[in-house]
Amino acid sequence: MEYFSVKENDCSSQKSSRKIGLFLIAATGGIATAISVVCFPFISPAFRKICLPYVPATHQQIKNITKALNGRSGSLIDLGSGDGRIVLTAAKLGFKAHGIELNAWLVWYSRLKAFINGLSQNTAFFKQDLWKYNLKEYNNIIIFGVDQMMEDIERKFNNELNKDSFVIACRFPLPNTHPIMTIGHGVDTVWVYRVPPKQI
């Protein structure tokens, strides 16, 4: 009898150990999957040919952009809109402001901020690749670019934008177009362009 009770106890302890092991495997697998889902939109741009990282605009950059937009109106788009702060600022200034962003989490966050601030009517955020998005309907464009993309984005601007469109480039200037205005200095510098440039 004792032999059987010991054997039964061993079996039940093995079963409970196995259940605990399976539970821990499932739990860690679930956590790993959740982390992957959350992190993937932030990591995936790094696998692209040209990476446009999410770096929020500084307070001074927003002030410089606001100054550059003085006297302007109409439609505006922020290419790589991140957390939406530029689009929301533009909407407060009276623009019909849009943002395009590859990171779905940031797109939803921006929409939520617009709703909370009562700006949903004048803003829109899209999960889009900026290289595939046609810009012809916009007359004010903001880009926080990286050095290696500026020549290609300049070509896109010249091909798609209508006469007298304004481009505000932050962090890096357009390489072949002369700015009509430069505001600020250092990392907060913004370059203002009329694209396509006027033909003399």
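Student: Which residues have the most contacts inside the largest nonpolar core?
Tutor: Ile 65, Ile 142 and Ile 168 do, in a core of 25 residues. A nonpolar core is a set of buried Ala, Val, Leu, Ile, Met, Phe, Trp, Tyr and Cys residues joined through side-chain atoms within 4.5 Å. Buried means under 20% relative accessible area, exposed over 50%, and partly exposed in between (1.4 Å probe, protein chains only).

Student: What kind of model is this?
Tutor: It is a predicted model, in which local features need pLDDT of at least 70, side-chain atom pairs count only at pLDDT 80 or more, and totals for chains, interfaces and linings use all residues. Residues are numbered from 1 along each chain as its sequence is written, and side-chain values use heavy atoms, with hydrogens and water left out.

Student: Back to Ile 142: what does it touch?
Tutor: Beyond residues up to four places away in sequence, Ile 142 touches several residues, including Ile 65, Leu 79, Ile 168 and Cys 170. Touching here is contact, that is, heavy atoms within 4.5 Å.

Student: Which residues does a second core include?
Tutor: Ile 100, Ile 141, Met 149 and Trp 191 are included in that separate core of 21 residues.

Student: New topic: is Thr 177 buried or exposed?
Tutor: Thr 177 is buried, because its relative accessible area is 10%.

Student: And which residues is Thr 177 in contact with?
Tutor: Apart from neighbours within four places in sequence, Thr 177 is in contact with Glu 154 and Tyr 193.

Student: What about Phe 115, buried or exposed?
Tutor: Phe 115 is exposed, because its relative accessible area is 61%.
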